Amino acid sequence: GRAVPPLAALSRVLRLERSRRTGIVFPLQKLERCLAPGTDTARFRLFQPGLAALQRAEALFSSDRGHRIDYVSSAVRMDHAPPAALPEVCFIGRSNVGKSSLIRALFSLAPEVEVRVSKTPGHTKKMNFFKVGKYFTLVDMPGYGYRAPQDFVEMVEVYLQERRNLKRTFLLVDGVVGLQKTDHIAVDMLEEFGIPYVMVLTKIDRASRGVLLKNVLEIQEFVKENTQGCFPQLFLVSSVEFSGVHLLRCFVAHVTGNLPTVEAS
């Protein structure tokens with residue numbers, strides 16, 4: 001297994017000074033300070049769990065003898081997928097959006113879990129299933145757009161339409177470039193199928209504050225005006241700095257029914 005990065009654990013984040021701590025756990029709130037006075041920020045704080053909820057979620061993402069996190073299998077067709085026994089979430093996005101890096105960051109407290117991250121975009125050609133103890137399954141889907149596998153549409157559309165235990169789809173969007181044409185196609189597909197989903201902005205460490213703020217506001221407006229099934233709050237993440245990773249773990253635990261009460265703080 002790999003070494004656990006320092007800020008992967010909430011206990012280490014809590015030792016930081018307050019401003020930096022807030023920026024890592026709630027990156028959207030850090031951005032909020034840059035908004036013009038009077039801007040409606042209700043959508044920045046819809047999911048705001050307290051410390052106890054964040055800690056409970058972290059425990060789900062930490063493996064030990066009684067709670068194993070395992071790569072289960074890969075599938076190119078639904079009849080190869082593991083049984084739909086547990087609540088499930090899936091992660092989809094453009095080929096170079098940083099999907100596998102984010103999943104590795106989520107599972108960083110279980111360093112024995114092998115999440116392959118390639119320097120070549122489009123490395124994920126199959127649906128990869130990870131079982132988180134007896135609680136839920138997380139699926140890494142192939143990337144769309146550039147270098148997508150030939151049977152992407154067939155594989156992913158069938159999964160989204162037929163997977164009865166799918167609780168939420170996480171649609172990853174590059175925080176530096178914002179919504180692209182291929183992302184709009186993915187949104188249309190999720191809306192057409194009536195799949196509940198949430199947008200996650202990746203690579204926020206690479207975006208200037210101005211660019212990130214512009215993309216956040218534009219995407220929130222797009223979600224408000226053009227979507228039915230998208231959760232109104234965006235999630236911002238950096239797989240390098242672990243910003244937003246703790247909050248995203250908590251949201252995954254919540255939507256899979258493993259965190260039934262999330263107290264706002």
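The notes below follow the order in which I checked things.

I am working from a predicted model. I began with the strand order. The sheet is open, has 7 strands and mixed pairing, and reads E1-E3-E4-E2-E5-E6-E7. I then looked at its edges, which are strand E1 (69–75) and strand E7 (235–236). Each of these two has a single partner strand, so one side of each lacks a neighbour in the sheet.

I checked two of the pairings. E1 runs antiparallel to strand E3 (residues 127–132), and 6 bridges join them. For Asp174 I found Thr202 of E6 as the bridge partner.

**Strand E6**

Next I asked how many residues of strand E6 (residues 197–202) are buried. The count is 6 of the 6, so the strand is largely enclosed by the rest of the structure.

**Helix H5 and its cover**

I turned to helix H5 (residues 99–106). Of its 8 residues, 6 are buried, so H5 too is largely enclosed by the rest of the structure. I listed the buried ones as Lys99, Ser100, Leu102, Ile103, Ala105 and Leu106. Lys99 is on that list, and a residue counts as buried under 20% relative accessible area. Then I looked for what covers them. The cover includes strand E2 (88–93), strand E4 (136–140), E5, E6 and helix H9 (245–255).

**H5 against H9**

At what angle do the axes of H5 and H9 cross? The crossing is roughly 85°, and the axes come within 10 Å. The two helices are therefore roughly perpendicular to each other. From H5 the contact uses Leu102, Ala105 and Leu106, and from H9 it uses Val245, Leu248 and Arg249. I sorted the residues of this contact into 5 nonpolar, no polar and 1 charged.

**H6 against H7**

I made the corresponding check on helix H6 (residues 152–162) and helix H7 (residues 181–193). Their axes come within 10 Å and cross at roughly 30°. H6 and H7 are therefore roughly parallel to each other, and their crossing is right-handed. In H6, I noted Val156, Glu157, Leu160 and Gln161, which meet Met189, Leu190 and Phe193 of H7. The residues of this contact divide into 5 nonpolar, 1 polar and 1 charged.

**Gln228**

Last, I looked at a loop residue. Gln228 is in the loop between helix H8 (209–226) and E7. Is Gln228 buried or exposed? I recorded a relative accessible area of 76% for Gln228, which means that it is exposed, since the cut-off for exposed is over 50%. I also took one distance here.

How values were computed
Residues numbered from 1 in each chain as written. Predicted model: local features only at pLDDT ≥ 70, side-chain atom pairs only at ≥ 80, totals over all residues. Heavy atoms only, no water. Axes fitted to C-alpha atoms, helices over the stretch in contact; angles between N-to-C directions. Helix = DSSP H or I, 4+ residues; strand = E, 2+ residues; numbered from the N terminus. Parallel < 35°, antiparallel > 145°, perpendicular 65-115°, else oblique. Left-handed = near helix turned anticlockwise from the far one by under 90°. Contact = heavy atoms within 4.5 Å. Nonpolar A, V, L, I, M, F, W, Y, C, P; charged D, E, K, R; others polar. Buried < 20%, exposed > 50% of the residue type's maximum accessible area, 1.4 Å probe, protein only. Pairing = 2+ DSSP bridges.
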